Amino acid sequence: MVGGCDHRTGTSDEQQHHRRLEDWLRTHFDVEGIVHRWSGEPFEPVDGLPMIGAAPGKQNVYIATGLSGVGLTWGTAAASLLADIMVGNVSRLGRHLSPSRSGLSNVSQWIKEQATTTSNYAEHLLPTDPIRAGEMTSGEGMTGSLDGKHVAYCVDHDGCEHRLDPICPHKGGVLHWNAAEQTWDCPVHGGRFAADGQRIYGPPESNMKSID
């Protein structure tokens with residue numbers, strides 16, 4: 001099993017990253033074939049450290065999140081750290097991992113992430129490319145203009161067409177089609193939806209809206 005080519009959800013061609021991984025794999029190992037391909041989402045704070053401790057603005061609520069894909073390590077550490085916090089012990093790590101910290105130790109990375117979010121929101125105002133629905137084949141999708149509307153359009157692997165509102169129901173990001181996973185992905189907060197608009201996971205609490 002090989003992993004890598006990390007990137008922000010919904011911002012690039014997922015299939016391109018799969019090809020890069022396969023090229024690396026075949027360069028270093030004698031591989032007969034690829035059995036499965038998939039992607040996951042490790043949520044990573046801008047300063048690279050997880051958030052473990054008391055939830056800001058809450059009483060008797062403790063969280064462990066932003067484990068950056070190494071949950072077996074940080075999850076174990078979080079269990080010990082949270083236990084210490086609950087009984088009033090002071091930990092040397094507590095200040096560095098506190099969910100209340102500013103997270104601005106890496107200002108350049110913070111600015112880069114905010115620029116991606118701002119760029120996505122700008123898509124609400126920018127002209128959209130026309131969708132040629134009749135020319136799309138199974139597994140293809142895109143966000144664009146169709147019959148005078150801003151639409152998220154795709155044809156799933158069963159040949160069914162889906163016309164959906166491209167605006168994420170969480171915080172209004174513009175969803176992008178992920179051909180590798182056959183999902184609609186939100187670059188703003190990482191929400192992911194199935195081809196038919198059903199919520200898969202992430203911050204959104206509802207499905208995408210259908211467009212008749």
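Strand 4 and strand 5 form a hairpin with five residues between them, and glycine 159, located in the turn, has a positive phi of about 85°. Helices (H or I, at least four residues) and strands (E, at least two) are DSSP runs, numbered from the N terminus. The model is predicted, so that local features need pLDDT of at least 70 and side-chain atom pairs count only at pLDDT 80 or more, whereas totals for chains, interfaces and linings use all residues. Residues are numbered from 1 along each chain as its sequence is written, and side-chain values use heavy atoms, with hydrogens and water left out.

Six antiparallel bridges join strand 3 and strand 4, and threonine 143 has alanine 152 in strand 4 as its bridge partner. Strand 4 (residues 149-155) pairs with strand 5 over four bridges, also in the antiparallel sense; here cysteine 154 is partnered by histidine 162 of strand 5. Strand 5 (residues 161-164) has a covered face, made up of His162 and Leu164, and an uncovered one, made up of Glu161 and Arg163.

Glycine 134 lies in the loop between helix 4 (107-122) and strand 3 (141-146). This glycine 134 counts as exposed because its relative accessibility is 81% (buried, under 20% relative accessible area; exposed, over 50%; partly exposed, in between; 1.4 Å probe, protein chains only). Its C-alpha atom is separated by 21 Å from that of leucine 175, 41 residues apart along the chain.

The second largest pocket has a volume of about 160 Å³. A pocket is an open set of points on a 1 Å grid, where a 1.4 Å probe fits, with protein on both sides within 12 Å along at least five of seven lines; lining residues have an atom within 4 Å of a point. Helix 1 (14-28) and strand 6 (176-178) are the elements that give two or more residues to this lining, and strand 6 gives the most, with three. The lining residues of the second largest pocket include Gly10, Asp13, Trp177 and Asp185, and the lining divides into two nonpolar, six polar and three charged residues.

Key. Pairing = 2+ DSSP bridges. Points joined across faces, edges and corners; volume = space filled by probe spheres on them. Nonpolar A, V, L, I, M, F, W, Y, C, P; charged D, E, K, R; others polar.
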